[in-house]
Amino acid sequence: MNYRLKIIALKASLLPALMLLAASCSNKPSDLARQAVIPKPVSVVSTGGYFKLEQGTSVLLKGDSPEIRNIAAFLADHLRPATGFPFQIKTTRENKAAGNIIFTLSNDSVRLGEEGYSLSVTTDSVNVCAKNPAGLFRAVQTIRQLLPAEIELGTVQRAGWQIPTGTISDFPVYPYRGTMLDVSRHFFKPDVLKKYIDQIAYYKLNYLHLHLSDDQGWR
């Protein structure tokens, strides 16, 4: 996914690792405005209810393309282990919206920019709309953060898989949002790098600076 992360070799300051500790919060599930979404969305309106993921919940695509389907698969892959639910990927032509998560690309979302999205959660469904696939991918990170922290675990958990109802409109204030990894002074295995990329994508960063050289050091 070329929108997911752009990798360049450049010196920069490392963002504080403490931001990774903010993945969970203890706010009431029905209050969308009090959820710890990082970075803070541009606009949040809470309606006081919740949508619940269930055994029959699917990810529906309004329109279809390999790129959108890959993003839907990314979300489904993250939801399956902890919930134990199948999360099939289908299209809206075949299924009703009720009880499902719906992805839509629309030119009506042009005001949200290249990476923006709108997320509308009702007790009946979750609707994600964006101008570009990049916006859908950012919305996926928000959905993950709105669920209980146990959603990130790799085994089936007993939790109420609730997403608070309301609307979120979000787009990045800064188009360039980066972090740095020093691979010149410290060697990291590929699996560590991949996990690091996943973690910074979770917080909607879009540039990875690789510090490749330092004096005689080079990776």
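## A buried pair of rings

Phe85 and Phe87 are both buried. This comes from a predicted model. The two residues also form an aromatic pair. In total, the structure holds four aromatic pairs.

## A stacked pair

Tyr176 and Tyr207 make another aromatic pair. Here the centres lie 4.0 Å apart and the planes are at 20°, so the pair is stacked. Planes under 30 degrees apart count as stacked.

Where do Tyr176 and Tyr207 lie? Tyr176 is in the loop between strand S8 (162-170) and strand S9 (178-182). Tyr207 belongs to strand S10 (residues 207-211). The pair therefore ties together parts that are 31 residues apart in sequence.

Glu115 sits in the loop between strand S5 (101-105) and strand S6 (117-121). Is this residue buried or exposed? Glu115 is buried, because its relative accessible area is 15% and buried means under 20%.

The side chain of Glu115 meets that of Arg138 in a polar contact of 2.8 Å. Leaving aside neighbours within four places in sequence, Glu115 is in contact with several residues. Among them are Ala134, Gly135 and Arg138. Pro172, Pro175, Arg177 and Asn206 are in contact with Glu115 as well.

Methods. Residues are numbered from 1 along each chain as its sequence is written. This is a predicted model: local features need pLDDT of at least 70, side-chain atom pairs count only at pLDDT 80 or more; totals for chains, interfaces and linings use all residues. Side-chain values use heavy atoms; hydrogens and water are left out. Rings of Phe, Tyr and Trp (its six-membered ring) pair if their centres lie within 6.5 Å; planes under 30 degrees apart count as stacked, over 60 as edge-to-face and the rest as tilted. Buried means under 20% relative accessible area, exposed over 50%, partly exposed in between (1.4 Å probe, protein chains only). Helices (H or I, at least four residues) and strands (E, at least two) are DSSP runs, numbered from the N terminus. A polar contact is a pair of N or O atoms within 3.5 Å; within protein, one must be able to donate a hydrogen and the other to accept it, and residues adjacent in sequence count only if both atoms are side-chain atoms. Contact means heavy atoms within 4.5 Å.
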